[in-house]
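Here are some friendly notes to read alongside the model. Please keep the viewer open as you go through them.

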Amino acid sequence: MSASLLEHFTSLEDHRIERRKRHALADLVLLTICAVVSGANGWEAIEDFGHAKLDWLRQFAPFENGVPSHDCMANVIARLSPKGFQACLLSWTQRV
């Protein structure tokens, strides 16, 4: 299921400078969606979820540099196109 989730988000444009990307966009999106669906409320709760569920999350995405900080997630997700994110999420939910 998560592979299909990540496939639906490949069209999102990552506006970060390549050399400054420590965490893959797919990792950030997967963590954010899983945490929010599990009841996380806010970036710090999402980060806490990531630390608690890192082994499980790594079944679906590498998380090569571990769990991103709540500041990192907030900054990256805030820069994504809201309409683009909504379209990806809608596409995934319709498939599920």
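The points below cover the core, the helix packing and the aromatic pairs.

1. Ground rules. This is a predicted model, in which local features need pLDDT of at least 70 and side-chain atom pairs count only at pLDDT 80 or more, while totals for chains, interfaces and linings use all residues. Residues are numbered from 1 along each chain as its sequence is written, and side-chain values use heavy atoms, with hydrogens and water left out.

2. The core. The largest nonpolar core has 26 residues; such a core is a set of buried Ala, Val, Leu, Ile, Met, Phe, Trp, Tyr and Cys residues joined through side-chain atoms within 4.5 Å. Phe 9, Leu 12, Leu 25, Leu 30, Leu 31 and Phe 63 touch the most other members. At least two residues come from each of α1 (2–8), α2 (25–37), α3 (43–52), α4 (54–57), α5 (70–79) and α6 (82–95), and α2 gives the largest share, eight residues. Helices here are DSSP runs (H or I, at least four residues), numbered from the N terminus.

3. Leu 31. This residue lies in helix α2 and is buried, with a relative accessible area of 0%. The cut-offs are under 20% relative accessible area for buried, over 50% for exposed and partly exposed in between, using a 1.4 Å probe and protein chains only. Leaving aside residues up to four places away in sequence, Leu 31 touches Ile 46, Phe 49, Gly 50, Leu 57, Phe 63, Val 67, Pro 68 and Met 73, where contact means heavy atoms within 4.5 Å.

4. Helix α2 against α3. How do these two helices pack? The angle between α2 and α3 is about 100°, with the axes 9 Å apart; axes are lines fitted to C-alpha atoms, for helices over the stretch in contact, and angles run from 0 to 180 degrees between N-to-C directions. The two are therefore roughly perpendicular, a label for angles of 65 to 115 degrees. From α2 the contact uses Leu 31, Thr 32, Cys 34, Ala 35 and Val 36, and from α3 Trp 43, Ile 46, Phe 49 and Gly 50.

5. Helix α2 against α5. The axes of α2 and α5 cross at roughly 100° and come within 11 Å, which makes α2 roughly perpendicular to α5. Leu 25, Leu 28, Leu 31 and Thr 32 of α2 meet Cys 72, Met 73, Val 76 and Ile 77 of α5.

6. Aromatic pairs. There are two aromatic pairs, counted for rings of Phe, Tyr and Trp (its six-membered ring) with centres within 6.5 Å; planes under 30 degrees apart are stacked, over 60 edge-to-face and the rest tilted. Phe 9 and Phe 85 have ring centres 5.2 Å apart and planes at 55°, so this pair is tilted. Phe 9 sits in the loop between α1 and α2 and Phe 85 in helix α6, so the pair ties together parts that are 76 residues apart in sequence. Phe 9 is buried, at 6% relative accessible area. For Trp 56 and Phe 60, the centres are 5.0 Å apart and the planes at 70°, so that pair is edge-to-face. Trp 56 is partly exposed at 37% relative accessibility, and Phe 60 is partly exposed at 31%.

7. One backbone check. Which residue has a positive phi although it is not a glycine? Phe 63 does, at about 45°. Phe 63 lies in the loop between α4 and α5 and counts as buried, with 0% relative accessibility.

Note on methods:
Angles under 35 degrees count as roughly parallel, over 145 as roughly antiparallel, 65 to 115 as roughly perpendicular and the rest as oblique.
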